[in-house]
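The sequence and the coordinates come first, and the description follows.

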Amino acid sequence: MCIFCDIINKKIPCYKIYEDDNCLAFLDISNDANGHTLVIPKKHYENILDVEQETLNHVINCVKKIAKHYVDNCGAKGVNILNANGKDAEQTVFHLHFHILPRFENDGFSAFPKLDKNKQTLEELQNKLKLN
Ligand code: AMP
Ligand code: ZN
C-alpha cells in the first residue's frame, strides 16, 4: 500500500496543481511553507536510488515547470527543491517525490539546517568518496 499511488489512482483526494501523462504535482498536506508542493511520478518508484532515468527526467522537467510557474506567475522570489531518499535520510513516504518550497522575502524559515563541522578533512573525504 502506497499513499501516493492511492492519490494517483484517485482513491484519496489531493489539491492538484499540475498533471500530465507521467507526473502529478499536489500540495503537501502539511500546509506549512506557503505553496509547499510535491511532485511525483505516476509510476511507483521508492526514491532516486531505484527510479529509471527516463522517469526521473520527466519528474525533474515537471519540477522545473512548476518552480518556474511559482516564480514567474505566483509571486515567489525563489524556490527550494528538497528530496529525501531512505529512512535515515528522513524519507517518510516511500514513493519518489520532490518537495518544492516557494520562497518569499522574509518568509522566516531556513530550508538548510546549520550543521557542526565534520571531523574529517575535505582531503580525507575526497579520498574516501571520489568516483573517478
Ligand atoms: P518525506 O518526509 O520527504 O518523505 O515527505 C513526505 C511528505 O508527504 C510530507 O511532507 C507529508 O506532509 C506529505 N504527505 C503525506 N501524506 C500526504 C497526503 N495524503 N497528501 C499530501 N501530502 C502528504
Ligand atoms: Zn506509490
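Which residues line the second largest pocket? They are I7, I8, K10, I12, P13, C14, K16, E19, L24 and K42. The model described here is predicted.

## Second largest pocket

The volume of the second largest pocket is about 150 Å³. Two elements, α1 and β1 (16-19), each contribute at least two residues to the lining of this pocket. By class, the lining of the second largest pocket holds six nonpolar and four charged residues, with no polar ones.

## Overall fold

The chain contains three helices and five strands. Their order along the sequence is α-β-β-β-α-β-β-α. The chain has 132 residues, of which 35% count as buried. Among contacts between residues at least 6 apart in sequence, 51% join residues at least 24 apart.

## Zinc site

The zinc ion (ligand 2) has four protein donors: C2 (SG), C5 (SG), H44 (ND1) and H95 (ND1). These donors lie 2.0 to 2.3 Å from the zinc ion. Along the chain, the donors of the zinc ion follow the spacing C-x2-C-x38-H-x50-H. Both C2 and C5 are buried.

What is the geometry of the site of the zinc ion (ligand 2)? The site is tetrahedral, with angles of 100 to 120 degrees among the four donor atoms. For four tetrahedral donors the ideal angle at a metal is 109.5 degrees.

## Largest pocket

The largest pocket holds about 780 Å³ of space. Its lining is made up of 30 residues, and those nearest the centre of the pocket are D28, H36, L38, H97 and H99. Two or more lining residues come from each of α1 (3-8), β2 (23-27) and β5 (98-103). With three residues, α1 gives the most to the lining of the largest pocket.

How many residues of each class does the lining of the largest pocket have? There are 19 nonpolar, eight polar and three charged residues in this lining.

## Positive phi angles

E90 is a residue other than glycine with a positive phi, near 75 degrees. E90 sits in the loop between β4 (78-82) and β5. Is E90 buried or exposed? The relative accessibility of E90 is 68%, so E90 counts as exposed, the cut-off for exposed being over 50%.

N106 is not a glycine either, and its phi is positive at about 55 degrees. N106 belongs to the loop between β5 and α3 (122-129). N106 counts as exposed because its relative accessible area is 75%.

## Helix α3

L122 lies in helix α3. The relative accessible area of L122 is 73%, so this residue is exposed. Between the C-alpha atoms of L122 and N31 there are 38 Å in space, and the two residues are 91 apart in sequence.

L129 is also found in helix α3. L129 counts as exposed because its relative accessibility is 60%.

I48 is found in the loop between β3 (37-41) and α2 (53-73). Its relative accessible area is 33%, so I48 is partly exposed. Partly exposed covers the range between the cut-offs, which are under 20% for buried and over 50% for exposed.

Which residues does I48 touch, not counting residues up to four places away in sequence? I48 touches L56, N83, N85, L96 and F98. One of these, N85, is 37 residues from I48 along the chain, and the C-alpha atoms of the two are separated by 6.5 Å.

Key
Residues are numbered from 1 along each chain as its sequence is written. Chains are lettered from A and ligands numbered from 1 in the order in which they are written. This is a predicted model: local features need pLDDT of at least 70, side-chain atom pairs count only at pLDDT 80 or more; totals for chains, interfaces and linings use all residues. Side-chain values use heavy atoms; hydrogens and water are left out. Donors are N, O and S atoms within 2.8 Å of the metal (3.2 Å for Na, K and Ca); water is not among the atoms, so sites may look incomplete. Four donors count as tetrahedral if all angles lie between 85 and 135 degrees; four count as square planar and six as octahedral if opposite donors are over 155 degrees apart and all others between 65 and 115; anything else is irregular. Buried means under 20% relative accessible area, exposed over 50%, partly exposed in between (1.4 Å probe, protein chains only). On a 1 Å grid over the protein atoms alone, a cavity is a set of points where a 1.4 Å probe fits but cannot get out, and a pocket is an open set with protein on both sides within 12 Å along at least five of seven lines; lining residues have an atom within 4 Å of a point. Grid points are joined across faces, edges and corners, and a volume is the space filled by probe spheres set on the points. Helices (H or I, at least four residues) and strands (E, at least two) are DSSP runs, numbered from the N terminus. Ala, Val, Leu, Ile, Met, Phe, Trp, Tyr, Cys and Pro count as nonpolar, Asp, Glu, Lys and Arg as charged, and the others, Gly among them, as polar. Contact means heavy atoms within 4.5 Å.
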